[in-house]
Amino acid sequence: MAEDIEPSLNASASSELSRRALILGGLAGATGLLGGLPPLANGAAKAADAGSPTHILFVLYEKFTLQDFAGANEVLARLSNVRVTIASPQGGTIVSDTHVPIGGSQKLADIQSCDLICVPGGTDRSAMLTSEVQQDLRRLSDGAQYVTSICNGSLILGAAGLLKGRRSACHWAQRNLLTQFGAIPDPARVVVDGRYMSGGGVTAGIDFALTVAAVLRGPVQAQVIQLLMEYVPDPPFHSGRPETAPPEVLEAFKTQYAALAKIAGLVKG
């Protein structure tokens, strides 16, 4: 996420169910989204496996958020018959906002095409907002089958003019910034709007990637990868969104991340 500047039960039980539904609802929501998509029959999945590899392009940049990329890559790179490429504005090594280097990225301008482009979020998006990079994002998105983002990576796509009139997810604290690009903020952890797919903040990247995997290779293969990853979210705390965070956590967040809190409307002024 970015610092620069989502009758038989008594009331207590009902509240607990609602809280857990919000925490665990990412995959349930993703499953619901897939209900509106044409299912991939076994024959179609086999045909996809038999053809040319699906080219998945992750576009990284200095101070990208590692989990945004790593969670999605963990899922998508395990699909059959895919080719994953990492590109960056300058090529070479890029360093995440938690100081983890990723080496060997290709220069974005040298990428001719891709089937799916994915832009993760980060704490410094400036390198992605130059006219050259924005032009490359538009060029690659125009030729891609799917245009996707994770966390505030949607703000980068929005700045490139790619989300006008489209519903999009974003990190909860910056979701309202999507409107300045003509996009429609959606609080869901995973949003599918035609060929545009997006995930909410950081950990939502895994739910996003499983949704993408189901689109590309069918829900069975997506769940096989989920099983391999032992992805069964059961967090020790229920403070992942303002709606469920205890008051003392919200107050601490406002102090430690004042700029984000202001953008999110948690504080006035």
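A word on conventions before we start. Because the model is predicted, local features need pLDDT of at least 70 and side-chain atom pairs count only at pLDDT 80 or more, while totals for chains, interfaces and linings use all residues. Residues are numbered from 1 along each chain as its sequence is written, and side-chain values use heavy atoms, with hydrogens and water left out.

Let me begin with the sheet, which is open, has 8 strands in the order β3-β4-β2-β1-β5-β6-β10-β9, and shows mixed pairing. Strands here are DSSP runs of E of at least two residues, helices are runs of H or I of at least four, and both are numbered from the N terminus; two strands pair if DSSP finds at least two bridges between them. At the edges stand β3 (92-95) and β9 (190-193), each with a single partner strand, so one side of each is left without a neighbour in the sheet. From one strand to the next the twist averages 30 degrees, and for such angles the axes are lines fitted to C-alpha atoms, for helices over the stretch in contact, with values running from 0 to 180 degrees between N-to-C directions.

Now to β1, residues 54-59. With β2 this strand pairs in the parallel sense over 6 bridges, and Phe58 stands opposite Ile86 of β2. With strand β5 (residues 116-119) β1 is joined by 3 bridges, again running parallel, and there Leu57 has Ile117 as its bridge partner. Helix α3 packs on the sheet, touching β1, β2 (82-88), β4 (101-107) and β6 (146-150), and its direction makes about 170 degrees with that of β1; contact means heavy atoms within 4.5 Å. Helix α4 (residues 131-143) also packs on the sheet, touching β1, β5 and β6, at about 145 degrees to the direction of β5.

Is β1 buried or exposed? Of its 6 residues, 6 are buried, where buried means under 20% relative accessible area, exposed over 50% and partly exposed in between, with a 1.4 Å probe and protein chains only. Both faces are covered, with Thr54, Ile56 and Phe58 on one side and His55, Leu57 and Val59 on the other.

That leads to the core, meaning a set of buried Ala, Val, Leu, Ile, Met, Phe, Trp, Tyr and Cys residues joined through side-chain atoms within 4.5 Å. The largest has 60 residues, of which Leu57, Leu76, Ile117, Leu137 and Phe208 touch the most other members. Helix α6 (residues 204-217) gives the most to this core, with 9 residues.

On the aromatic side there are 4 pairs, counted where ring centres of Phe, Tyr and Trp (its six-membered ring) lie within 6.5 Å, with planes under 30 degrees apart taken as stacked, over 60 as edge-to-face and the rest as tilted. The rings of Phe58 and Phe69 have centres 5.1 Å apart and planes at 85 degrees, so this pair is edge-to-face. Phe58 lies in β1 and Phe69 in helix α3 (residues 66-76), 11 residues apart. Phe64 and Phe69 are likewise edge-to-face, at 6.3 Å and 85 degrees, and Phe58, Phe64 and Phe69 form one aromatic cluster.

Finally, the axes of α6 and helix α7 (residues 219-229) come within 6 Å and cross at roughly 145 degrees. Among the residues making this contact are Ile206 and Leu210 of α6 and Ala222 and Met229 of α7.
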